[in-house]
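Dear colleague,

Here is the structure I said I would pass on. My notes on it follow below.

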Amino acid sequence: MRRLLPGLGLCLLLALASVLLRRASGIAALNPVVIALLAGLALRAGLGRRAPLDPGIAFAIRPMLRFAIVLLGLQVTLTEVLALGPGALALAVAVVAVTVPAAAWLGARMGVPQPLALLLGMGTGICGASAIVAANQVVRAKDEDVTYALAVITLCGTLGLVLLPLLAAPLGLDAQSYGLWAGASLHEVVQAVGAAAAGGPEAAQSGTVMKLARVMLLAPAIMALGWWVARQGAAGGTAKVQVPWFALGFLGLVLLGSTGLVPAVATEASRLLVPLLMAASVAALGLATDLRALGRRGLRPLGLGVLLSLLIAGLALAGVLLLGL
């Protein structure tokens, strides 16, 4: 613990400051994860690497992050998700099932490294920053790739938050359809809920639940991604696939929370604790990232992120219209 304390304490301090800044500003779309990332990057650029911080930073990036992912399961219940109906559930599965493989395929043709392309696909298809940092537990990308993916997803999702409400009327979408489109298209939970809320209470409700359905797919998507990465690494041989325990833990808490046995105070505590732990993990990522290495990635990953965002928005819109949702 003595070795962990300097780095871990700094990460938690940056995370707490980021959460408090978001609350003080009153701007819901101001993601504390992004603030913590920028703070970590700024400190690393200004101070350079500090060896005494390394053990705590490493702990925040892996064990603490995995614990946060498990706790996230308390915020999703099967009852909420199943209330969407089979058509909307199929749409949630489809956008994830198409976006992640499309990221790998497009990335290969655009010259984007496969780990970075997969992180962009997971962030676009599921739930933004949380999905990126969770997926990296099996993808094992470089720190600068994770940082780049977080930046791209934040930019694209923020643009979507601004643009989608402007397109609802020209597209002739009613409140429920618009909410489902926003919930099926946008990356971060706060982006999806914020965009859906612009369409009124009915849109906010349908958009929030649709987004939660995508969040619930985080665990099976990580398991499938881990299997695929292991197969790729086996080079045609027998792949040894390790099921991520944190993904099983996430599903376990989803099921437990769905029983109604979890006290409301525990669920509310998770809503406070998860953003703090996530922000601390991403602050650690910023502290571990060399901006010079980040700059060498160029603009191709940004182009891939934009294409994936357009793809998921188009697929979600087509699904909403074709299914009559």
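Serine 270 is buried, since its relative accessible area is 2% (buried means under 20% relative accessible area, exposed over 50%, partly exposed in between, with a 1.4 Å probe and protein chains only). This is a predicted model, in which local features need pLDDT of at least 70 and side-chain atom pairs count only at pLDDT 80 or more, while totals for chains, interfaces and linings use all residues. Residues are numbered from 1 along each chain as its sequence is written, and side-chain values use heavy atoms, with hydrogens and water left out.

Serine 270 lies in helix H14; helices here are DSSP runs of H or I with at least four residues, numbered from the N terminus. Not counting residues up to four places away in sequence, serine 270 touches Leu71, Leu74, Gln75 and Pro275, where contact means heavy atoms within 4.5 Å.

H14 spans residues 264-287 and also holds arginine 271 and glutamate 268, which are 3 residues apart, about one turn of the helix. These two residues form a salt bridge, with the closest N and O atoms 3.5 Å apart (the criterion is a side-chain nitrogen of Lys or Arg within 4 Å of a carboxyl oxygen of Asp or Glu). A search of the whole structure finds 1 salt bridge. Arginine 271 counts as partly exposed because its relative accessibility is 39%, and glutamate 268 counts as partly exposed at 47%.

**H1 against H2**

Helix H1 (residues 5-25) and helix H2 (residues 32-47) have axes that come within 8 Å and cross at roughly 135 degrees. The axes are lines fitted to C-alpha atoms over the stretch in contact, and angles run from 0 to 180 degrees between N-to-C directions. H1 and H2 are therefore oblique to each other (under 35 degrees counts as roughly parallel, over 145 as roughly antiparallel, 65 to 115 as roughly perpendicular and the rest as oblique). Their crossing is right-handed, meaning that the near helix is turned clockwise from the far one by less than a right angle.

On the H1 side the contact is made by Leu10, Leu14, Ser18, Val19, Leu21 and Arg22, and on the H2 side by Pro32, Ile35, Ala36, Ala39, Gly40 and Leu43. By class, this contact has 9 nonpolar, 2 polar and 1 charged residues.

**Valine 138**

Valine 138 is in helix H7 (residues 129-139) and counts as buried at 16% relative accessibility. Its C-alpha atom is separated by 7.4 Å from that of leucine 225, 87 residues apart along the chain.

Regards

Conventions:
Helices (H or I, at least four residues) and strands (E, at least two) are DSSP runs, numbered from the N terminus. Ala, Val, Leu, Ile, Met, Phe, Trp, Tyr, Cys and Pro count as nonpolar, Asp, Glu, Lys and Arg as charged, and the others, Gly among them, as polar.
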